[in-house]
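This report is written for a reader who has not seen this structure before. Please look at the sequence and the model first.

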Amino acid sequence: MEQKIPQEAVLAQSDDHRHMALALALGRRGLGRTCPNPAVGAVIVKDGVIVGRGWTQPGGRPHAEIEALRRAGAAARGATMYVTLEPCSHHGKSPPCADAVIAAGIARVVSALEDPNPEVAGQGHARLRAAGIAVDIGIGADEALHDHAGHICRFTKGRPYVLLKLAISADGKAGAAGRRPIAITSETVRDRVHLLRSQSDAIMIGIGTALADDPMLTCRLPGMEKYSPVRVVLDSMLRLPLESRLVKSAIDTPVWMVAGMRAPQAAEFALLAHGVEVLRSPQSGDPLDLKDVLEFLAAKGMTRLMVEGGPTLAAALIAADLVDEAILFHSAKVVGADGVDALSRAAEAALVRRLKRLASEPIGPDRQDIYQRG
């Protein structure tokens, strides 16, 4: 005979999921703005009423739990906190959040995930339990795994989470003949791309795309340019012209040039004078070793990396199995046989083999296909 679940338990579980969904939505407000810290969301509920909300603030501090406790004040005593990642237990640039939760008198913590940071790794939850706080883990875990993918990837793989974006014409092209830039997708897709930029810590292209397109790579949605990511250019020999739009705007939005050890010092000094940061990779070859570059960026605090480079960089990342998510924007526009292929057959086959297609949906007149690691 099937056991009937008590109505009170069903309602309690429903409330837990609803409050965690709010915490996850709040946490996403910080995506692209909190590195190297994760973009966490927190909600405090007492007697069915939300008394405090918080999310990790720009620059990574204050943490979400501290913000939620500040807003809840005395109402936090005896309440339940919903948080998208385990409260920290170590002293970093701020005291442990677990201690603040205990001091506030929180009675129960519902946490989506354990933090993979070895300085936390279950110790936050253990400290809460030792203080007599009930701890439940796992509600909202699937969404939290995606939202915190950058933080998780940095600690488990030593590199940022890599999102590859490609715009592909109806005949499989990414550009016109001679690598001339061409508008393939609609304004609707371009707005979506700018939103993705705002949720990334950094955006990366190769020198070929920089020379061919002279891009800005900023977020140009109204009022959101301040949320533009760090712009990273792979340029082993520092060939980026000083008159490029990237260099000219480096004072306003950071530009990092990743160069090899043999890149000319004169070019480095000239770029530095224009506000560009030059990072010398230990790999001196041309092209640069991509795994080394990503580890280099992770050491600089980057957790979420968007790649908008051309077919060469895309194929190299796919070949090295360094793509965690791909968003392919398909257009009905035809470029012509002399256009530049978006992906070789080998690269496309490897992408589809390693990543699982999660969604396919219209974006204005175009189509968006989303692939992620299983």
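The text below covers a sheet, a helix and several salt bridges.

The model is a predicted one.

**The sheet**

Five strands make up an open sheet with mixed pairing, and their order is β2-β1-β3-β4-β5. At its edges are β2 (49-55) and β5 (134-137), each of which pairs on one side only. Neighbouring strands in this sheet are turned against each other by 15 degrees on average, direction ignored. Between β1 (residues 41-46) and β2 the pairing is antiparallel and covers six bridges. Val43 has Arg53 in β2 as its bridge partner.

Two helices lie across strands of the sheet. Helix α4 (residues 123-130) lies across β4 (108-111) and β5, at about 150 degrees to β5.

**Helix α12**

Helix α12 spans residues 311-319, and Pro311, Leu313, Ala314, Leu317 and Ile318 are buried in it. Viewed down the axis of α12, these buried residues fall within an arc of 165 degrees, so they line one face of the helix. The face turned away from the buried side of α12 carries Thr312 and Ala319, which are exposed. Just after α12 comes Asp321, with a positive phi of about 55 degrees.

**Salt bridges**

Side chains of opposite charge can pair when their charged atoms come close. The count of salt bridges in this model is 23. Three of them are listed here.

| Salt bridge | N to O distance |
|---|---|
| Arg159 and Asp324 | 2.7 Å |
| Glu187 and Arg190 | 3.1 Å |
| Arg197 and Glu308 | 2.7 Å |

The side chains of Arg159 and Asp324 meet in a salt bridge. Arg159 lies in the loop between α6 (149-156) and β6 (161-168), and Asp324 in the loop between α12 and β13 (325-330), so the pair ties together parts that are 165 residues apart in sequence. Arg159 and Asp324 are both buried. A network of salt bridges links Lys157, Arg159, Asp321, Asp324, Arg354 and Arg373.

Glu187 and Arg190 both sit in helix α7 (residues 187-198), three residues apart, which is about one turn of the helix. Glu187 is exposed, at a relative accessible area of 52%, while Arg190 is partly exposed, at 29%.

The side chains of Arg197 and Glu308 also form a salt bridge. This pair links distant parts of the chain, 111 residues apart: Arg197 is in helix α7 and Glu308 is in the loop between β12 (304-307) and α12. Arg197 counts as buried at 8% relative accessibility, and Glu308 counts as buried at 13%.

Definitions and conventions: Residues are numbered from 1 along each chain as its sequence is written. This is a predicted model: local features need pLDDT of at least 70, side-chain atom pairs count only at pLDDT 80 or more; totals for chains, interfaces and linings use all residues. Side-chain values use heavy atoms; hydrogens and water are left out. Two strands pair if DSSP finds at least two bridges between them. Helices (H or I, at least four residues) and strands (E, at least two) are DSSP runs, numbered from the N terminus. Axes are lines fitted to C-alpha atoms, for helices over the stretch in contact, and angles run from 0 to 180 degrees between N-to-C directions. Contact means heavy atoms within 4.5 Å. Buried means under 20% relative accessible area, exposed over 50%, partly exposed in between (1.4 Å probe, protein chains only). The arc is that of the directions from the helix axis to the C-beta atoms. A salt bridge is a side-chain nitrogen of Lys or Arg within 4 Å of a carboxyl oxygen of Asp or Glu.
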